[in-house]
Amino acid sequence: MAVVRYREALNQALREEMQRDESVVLMGEDIGVFNGAFKVTAGLLDEFGEKRVRDTPISENTIVGMGVGAAMTGLRPVVELMTINFSLLAMDQVVNHAATIHYMFGGQVRVPLVVRMPQGAGHQLGPTHSHCFEALFQHVPGLLVAVPSTPADAKGLLKAAIRDDNPVVFIEHEYLYGQRGDVPEDDEDLLVGFGQAAIRREGEDVTIVGISRMALTAEKAAKILADEHEVEAEVIDPRTLRPLDLDTILDSVRKTNRCVIVEEGWPHGGVGANLAALIQEQAFDHLDAPIGRVTGADLPMPYSKPLEQIAYPHEPQVVEAVLATFGDL
Amino acid sequence: MADAAQEEQTGRSLPDPDAAREWLSAMMLIRRFEERAGEMYAKAKVGGFLHLAIGEEATIVGAVRAMRDDDYLISTYRSHGHALSRGADPNRVMAELFGREDGVSHGRGGSMHMFDLEHRFMGGYGIVGGNLPLAAGMGLSADYRGTEDVTVCVFGDGAANQGTFGETLNLAALWRLPIVFMVTNNQFGMGTSLERHSAVTDLHRRGEGLGVPGMRCDGMDVVDTHHVIGEAVRRAREERQPVLVEAITYRFRGHSMADPEEYRSKEQVAEWRKRDPITTFADTLLEQDVLEEGEPDRLDEEVVKRIDAAVAFADGSAFPPPESLYDSIYVLGDQVKGWYSVDERSAGVHRGEHERELAAKQRGPEGAYEKAVEQASEEDLGLDKGADEAQAEDDGAEKADPES
């Protein structure tokens, strides 16, 4: 094991997969000479050259579409969108093309494309630069969706994504780039499979499901619950939303009989809304309380720091939501 | 320089007699296919939208015959002719229109989404301008792999106003990708005429500021189209220079079957019909003694027989079985193991799990399922066109077309 940052883990994944497979090509805005807006692609241009690490103009829809076309004809492109906010400009290529082509043409052609991008609030970037869009992408059949929260998962999932023959929306997080964690060394075939949730902390009293950065927030909240409220929470990080490892979540809920879902995105039609529906459909008789949700505030993200800080979830809201499932509030 | 008169008329020399005959036949195949598709639409054998390329046959055959087998062709929602010219089996193209399992896209795509990997026809696409970025990716891939393959990307004058047009032409020029962008200027983006949708109506000039030189061809003349696309393909292949070719043409029918054509006059249509790309080419070949008297009719008869067979094939092909509903959403493998990857298992909500069992129950006696599907789709569409095909075709406005 080595302790590396999330962005370095991603960098390792890209480097190893590029060394392993010549058909892997990177494209994106400022990924080469600039080394990436968040330095995820640092050093790759020097190592692999301009043919494989391609700086693009600011043309998100076309960059993603190029990735689709290249993937249909023998390459394994990894497209970086500078942030998830700009993915809206590429939505036609993601939904109408990447996700659809394999099905629409009767399975004749594959689209082994990865579209990477970070999301997240907290840097005072206001309404257009603070989005969390897991819910948008998990809505689309034909896509795989990853939301890694640790350096090890970031590396293992990205490697798995690049090797997969389906289009993958790979959602990173701006806050997480600087976070450190253990990453296995010297095993370049160590993948994290899609559709396998991770149990971050075991507990008997309540299940907390945390998405993306909120998996970390959930873990911190679980510690507070144990230290201050004698509540032992089980924390689950689904790691991928398509496919979704519902079994692990259901097994936990059947054990704890309570569930709170934490996400940074908007509440209406969010990941938690969907997950709550699935859990009550499958495990209604096991629930001792309504499923709780902690989400980002239902508004365009404000710039001012105090407002921004209360507009996305932190540990206290999670603790409060968990205690509410015990009728303690 | 075989014939000065011909040179004077079109500025281009004719291809050799065998090729000329084949081009004429290929254009006739598209014409007859499209006419029959329209009839089948009126009979509700074909659903959804149906965009016919009648009048635009020279743009298709002229371009496709200027390509090599290994080149990629990518097109729009008006793509039956492109698929056919590239070599797709008419039986399977018609079966796709009928929504049958034997269709080129196994009934998943329909009229707007034909595909034939074997012939490197990389698809028709329903979103206006959506195919340009894909073409750039194919060009990039060909370049990266060190091949000589050229991608020909066909789109309409309406698509020239999408953001992807500027984005893709810039990128193609910047990276010197081997792509021919062919804008089929049929004078209308759906019902909005060229001068009402474009500030610069010389569309071939719209790439200049992006580093993509333009050429123009007479899209009603298969020989001219072939010549100009041939030169553009050569430049793309040899000089790695993307080129924008504007083919001036006209669609004789409406944008789709749901088009009352209130935006243009009958006189204008009649004027363009005088330049019918098939009859003018046939007349030229007769005048130049390439064809004998009566030969065009014989070619046409062969084509009609081919289309008859295609309709019979499509009619006899089965609908995709209900248990195949969820096939090919994902490529199955280590990560996605099941045929339905999102595990949502509760009863009562339609999500496809029980289709396999239901299918067997619903199928009932032989042919009952197919009959039910046919009936259901007619009811769904609110169509009852069997009674009066002509009326339905004239009215043609049961379904609004929100796109393009």
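**Ground rules**

I number residues from 1 along each chain as its sequence is written, and I letter chains from A and number ligands from 1 in the order in which they are written. Since the model is predicted, local features need pLDDT of at least 70 and side-chain atom pairs count only at pLDDT 80 or more, while totals for chains, interfaces and linings use all residues.

**Confidence**

I looked up the scores of the complex and noted that the predictor gives an ipTM of 0.94 and a pTM of 0.90. For chain B I found an average pLDDT of 87, with 81% of the residues scoring at least 70; pLDDT is the predictor's confidence in each residue, from 0 to 100. I marked residues 1-9 of chain B, where the pLDDT is below 50 and where the model has 9 contacts beyond near neighbours in sequence. I marked residues 343-356 of chain B as well, with pLDDT below 50 and 17 contacts beyond near neighbours in sequence. Two residues are in contact if their C-beta atoms, placed from the backbone, lie within 7 Å.

**Where the chains meet**

I then turned to the interface, in which 46 residues of chain A are in contact with 42 residues of chain B. On the side of chain A that touches chain B, the elements giving two or more residues are helix H3 (60-72), helix H4 (91-98), helix H5 (101-104) and helix H10 (271-283) of chain A, and the largest share, 9 residues, comes from H3(A). Helices (H or I, at least four residues) and strands (E, at least two) are DSSP runs, numbered from the N terminus. I sorted the residues on this side of chain A into 19 nonpolar, 20 polar and 7 charged; Ala, Val, Leu, Ile, Met, Phe, Trp, Tyr, Cys and Pro count as nonpolar, Asp, Glu, Lys and Arg as charged, and the others, Gly among them, as polar.

In chain B I noted 15 helices and 8 strands, and of its 404 residues 48% count as buried. A residue is buried if 20 or more other C-beta atoms lie within 10 Å of its own, exposed if 12 or fewer, and partly exposed in between, with C-beta atoms placed from the backbone. Among contacts in chain B between residues at least 6 apart in sequence, I noted that 74% join residues at least 24 apart.

I followed up Cys153(B), whose contacts, leaving aside neighbours within four places in sequence, include Ile74(B), Leu132(B), Val180(B), Phe181(B) and Met182(B).

**The sheets**

In chain A I traced an open sheet of 7 strands in the order S3-S2-S4-S5-S7-S6-S12, with mixed pairing; two strands pair if DSSP finds at least two bridges between them. Strand S3 (53-55) and strand S12 (240-242) of chain A are its edge strands, each pairing on one side only. Within chain A, strand S5 (residues 114-119) and strand S7 (residues 168-173) pair in the parallel sense over 6 bridges, and Val115(A) stands opposite Val169(A) in S7(A).

In chain B I traced an open sheet of 6 strands, in the order S2-S1-S3-S4-S8-S7 and with parallel pairing, whose edge strands are strand S2 (121-124) and strand S7 (214-218) of chain B. Strand S4 (residues 179-185) and strand S8 (residues 243-248) of chain B pair over 6 bridges in the parallel sense, and the bridge partner of Phe181(B) in S8(B) is Leu244(B).

**Backbone details**

I found a cis peptide bond between Arg242(A) and Pro243(A), with omega about -10 degrees, and placed Pro243(A) in the loop between S12 and helix H9 (246-256) of chain A. Asp30(A), which is not a glycine, has a positive phi of about 60 degrees and is found in the loop between strand S2 (24-28) and helix H2 (44-48) of chain A. I classed Asp30(A) as partly exposed because 16 other C-beta atoms lie within 10 Å.
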